[in-house]
Amino acid sequence: MLDVRRMQVLRAVVSSGSVSAAATNLGYTPSAISQQLTALEKEAGTPLLEKVGRGLRPTPAGSLLAERAGKIAEVVSATEAELADIRAGRTGLLRVRFFHTAAVGLIPPAVARFRATHPEVQLDLRMQEAELFDDVVAGETDLSVIVVGDAVPQRRGVRLVHLADDPYRVVLPESHPVAGQDRVDLARLSGESWINSAVTSGDICSVLLREAYASAGFTPHVALETDGSYSAQGFVAAGIGVALLPSLGLDVVHPGVEIRPVVNPEPVRRLYAAVREPVADRPATTAFLACLRESASAVVRPGRS
């Protein structure tokens with residue numbers, strides 16, 4: 001295999017016309033230059049230089065390697081500049097994944113703020129409901145917004161950053177008897193029909209709701225499962241039932257419903273950013289996390305570090 005550093009030595013000799021001149025330019029001794037050239041000729045398997053009077057000129061093979069050495073130097077220089085931009089947060093790619101309700105009030109304003117200050121950083125955005133944490137572990141994505149239960153997941157190579165606490169709210173028809181209350185005791189709704197956003201069995205949000213209903217002393221009668229918070233609000237507005245929805249999913253409120261805090265208990269889900277350790281301290285990543293926190297503070301409770 002050809003040694004790239006020796007190719008640069010050859011390039012210096014060809015451009016200067018002599019070993020001594022190349023040695024002066026590179027800060028080496030003429031002997032060291034000659035040794036590098038001899039080793040490179042062995043690697044190439046053919047002579048690279050020939051004497052012409054008191055100077056040297058490249059053979060066809062020498063000209064080829066000297067020319068390619070110049071191109072390699074240009075690529076390395078450009079690469080170093082690009083790396084400097086990435087380190088400074090001026091460019092690069094950040095892969096971001098998030099769940100459905102985060103796409104309502106959290107992600108869009110965060111992306112807008114980030115693009116305004118980091119226009120040269122490419123964001124690869126994707127909404128998905130499963131494997132958000134696992135994709136970070138596997139290196140398939142750089143940052144995922146996830147919901148965390150009582151136990152915060154810990155995996156080597158992944159940093160967890162607390163963004164916010166997202167309390168659930170009860171969504172009621174405007175005409176509901178308790179719609180005028182400042183806070184609604186969950187037990188008072190035990191006899192209601194419930195509209196649930198469809199969730200995967202064993203999903204953290206599903207577990208949180210089951211625990212909330214159990215703490216209030218009842219098992220809910222589920223009239224319908226929908227595919228999102230806004231469609232759930234539509235059925236509530238039509239009088240089909242009531243719903244417990246995270247406040248993050250209530251950035252857009254359906255006409256005909258009232259939204260109230262719920263107590264005894266107040267279920268809360270914790271939002272975290274799961275970040276790949278190799279990119280966690282890059283300026284672009286820390287800037288995007290700051291945008292996420294600012295966005296979260298406008299719609300849910302700010303998280304504590």
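1. A pocket is here an open set of grid points with protein on both sides within 12 Å along at least five of seven lines, and its lining residues have an atom within 4 Å of a point. The model under discussion is a predicted one. In its second largest pocket, the lining is made up of Asp3, Arg5, Arg6, Gln8, Val9, Leu26, Tyr28 and Gln36.

2. The volume of this second largest pocket is about 160 Å³. Helix H1, spanning residues 4–16, is the greatest contributor to its lining, supplying 4 residues. Sorted by class, the lining comprises 3 charged, 3 nonpolar and 2 polar residues.

3. As to overall architecture, the chain contains 11 helices and 13 strands. Its radius of gyration is 31 Å, whereas the globule rule gives 19 Å for 305 residues; the chain is therefore more spread out than a compact globule. Along the principal axes, the C-alpha atoms occupy a box of roughly 105 × 35 × 30 Å.

4. Of the 305 residues in the chain, 41% are buried. Among contacts with a separation of 6 or more, 76% are between residues 24 or more positions apart.

5. Phe114 and Phe288 are both buried.

6. Tyr213 and Phe218 form another aromatic pair, with a centre-to-centre distance of 5.5 Å and 50° between the planes, and this pair is tilted. Both residues, Tyr213 and Phe218, are buried. Ring pairs also bring in Trp194, linking Trp194, Tyr213 and Phe218 into a cluster.

7. Is Pro60 buried or exposed? Its relative accessibility is 73%, and since a value over 50% counts as exposed, Pro60 is placed in the exposed class. Pro60 is located in helix H4, which covers residues 60–87. The C-alpha atom of Pro60 is separated by 51 Å from that of Thr286, a residue 226 positions away along the chain.

Definitions and conventions: Residues are numbered from 1 along each chain as its sequence is written. This is a predicted model: local features need pLDDT of at least 70, side-chain atom pairs count only at pLDDT 80 or more; totals for chains, interfaces and linings use all residues. Side-chain values use heavy atoms; hydrogens and water are left out. Buried means under 20% relative accessible area, exposed over 50%, partly exposed in between (1.4 Å probe, protein chains only). Rings of Phe, Tyr and Trp (its six-membered ring) pair if their centres lie within 6.5 Å; planes under 30 degrees apart count as stacked, over 60 as edge-to-face and the rest as tilted. On a 1 Å grid over the protein atoms alone, a cavity is a set of points where a 1.4 Å probe fits but cannot get out, and a pocket is an open set with protein on both sides within 12 Å along at least five of seven lines; lining residues have an atom within 4 Å of a point. Grid points are joined across faces, edges and corners, and a volume is the space filled by probe spheres set on the points. Helices (H or I, at least four residues) and strands (E, at least two) are DSSP runs, numbered from the N terminus. Ala, Val, Leu, Ile, Met, Phe, Trp, Tyr, Cys and Pro count as nonpolar, Asp, Glu, Lys and Arg as charged, and the others, Gly among them, as polar. The radius of gyration is taken over C-alpha atoms; the globule rule is 2.2 Å times the number of residues to the power 0.38. Contact means heavy atoms within 4.5 Å.
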